[in-house]
Amino acid sequence: LGEASVFYSHSETEYSNVPGLIQRPGFETNSVGLSYSRKLGSRLTGTAMVSQTEAKSTSSTGGSSGDFEGINYAVAATYPPSSRLAQGVSLSKNISPSTRVGRLFSVREGVTVDASYKIGSRFTYTLGAGQRRYSARGTLGTGGLVLKSSRVNELTTSLRYQQNDRLSFVFDASHIENTTSDPLFDYSATRVGLTTSLSF
């Protein structure tokens, strides 16, 4: 029937290295939820998690607001139609710490899809795309600019070369487009990297 678990988690976030004039206190998060994983047939594997989550600012600053209470979730599925090709999709919503202007934390919602293909015995090519949406929570009562929301679209690709069991090389690249509620903070960026891994 699969594997299920019930969990409780508590986390505390502090911005201890932020200058005092900016006044960024932390927040606490409590979650109670259920996770479930099952293999459907011989190839399809699915996992799901849902939780009731509460996040509260530890700020004593007057006017601070934006605490969150609601449902978070994560759903993922992988399907390899052949020994060379694998596909995956995931959806999620969760609380994440934030260093963006005017917020303590963000409610993050995202979706990603990816596929990988083995080219021979040593090369693996991967292509993926995703979108992440952030909404501000924990607004500070200090006035000033607040980025209420942002959206990040991302395209990634990589080529892995496995020389042997110990040595591998990965060439990867990604491009993101970031759009916010204030056009002043919109940007796009491209990253290219080469990674060498050696295990002993």
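Which residue in S5 is the bridge partner of Ala-74? In the model, which is predicted, that partner is Ser-92. Local features were taken at pLDDT of at least 70 and side-chain atom pairs at pLDDT 80 or more, whereas totals for chains, interfaces and linings use all residues. Residues are numbered from 1 along each chain as its sequence is written, and side-chain values use heavy atoms, with hydrogens and water left out.

The secondary structure of the protein consists of 0 helices and 10 strands; helices (H or I, at least four residues) and strands (E, at least two) are DSSP runs, numbered from the N terminus. Strand S4 covers residues 68-79 and pairs with strand S5 (residues 85-97) in the antiparallel sense over 7 bridges. Two strands pair if DSSP finds at least two bridges between them. A hairpin of 5 residues joins S4 to S5. S4 also pairs with strand S3 (residues 44-57), again in the antiparallel sense, over 11 bridges. Here Glu-69 in S4 stands opposite Glu-54.

The structure contains 3 aromatic pairs. Rings of Phe, Tyr and Trp (its six-membered ring) pair if their centres lie within 6.5 Å; planes under 30 degrees apart count as stacked, over 60 as edge-to-face and the rest as tilted. One of the pairs is formed by Phe-27 and Phe-105, with 4.7 Å centre to centre and 40° between the planes, and is tilted. Phe-27 belongs to strand S2 (residues 27-40) and Phe-105 to strand S6 (residues 105-119), so this pair ties together parts that are 78 residues apart in sequence. Both Phe-27 and Phe-105 are buried, where buried means under 20% relative accessible area, exposed over 50%, and partly exposed in between (1.4 Å probe, protein chains only).

The pair of Tyr-161 and Phe-169 is stacked, because the ring centres are 6.5 Å apart and the planes stand at 25°. Tyr-161 is partly exposed at 21% relative accessibility, and Phe-169 is partly exposed at 30%. Together with Phe-123, Tyr-161 and Phe-169 form one aromatic cluster.

Thr-180 is found in strand S9 (residues 167-180) and is buried, with a relative accessible area of 10%. A polar atom of the Thr-180 side chain lies 2.5 Å from the backbone oxygen of Asp-182.

Over the whole protein, buried residues make up 24% of the 200 residues. Among contacts (heavy atoms within 4.5 Å) with a separation of 6 or more, 51% are between residues 24 or more positions apart.

Conventions:
A polar contact is a pair of N or O atoms within 3.5 Å; within protein, one must be able to donate a hydrogen and the other to accept it, and residues adjacent in sequence count only if both atoms are side-chain atoms.
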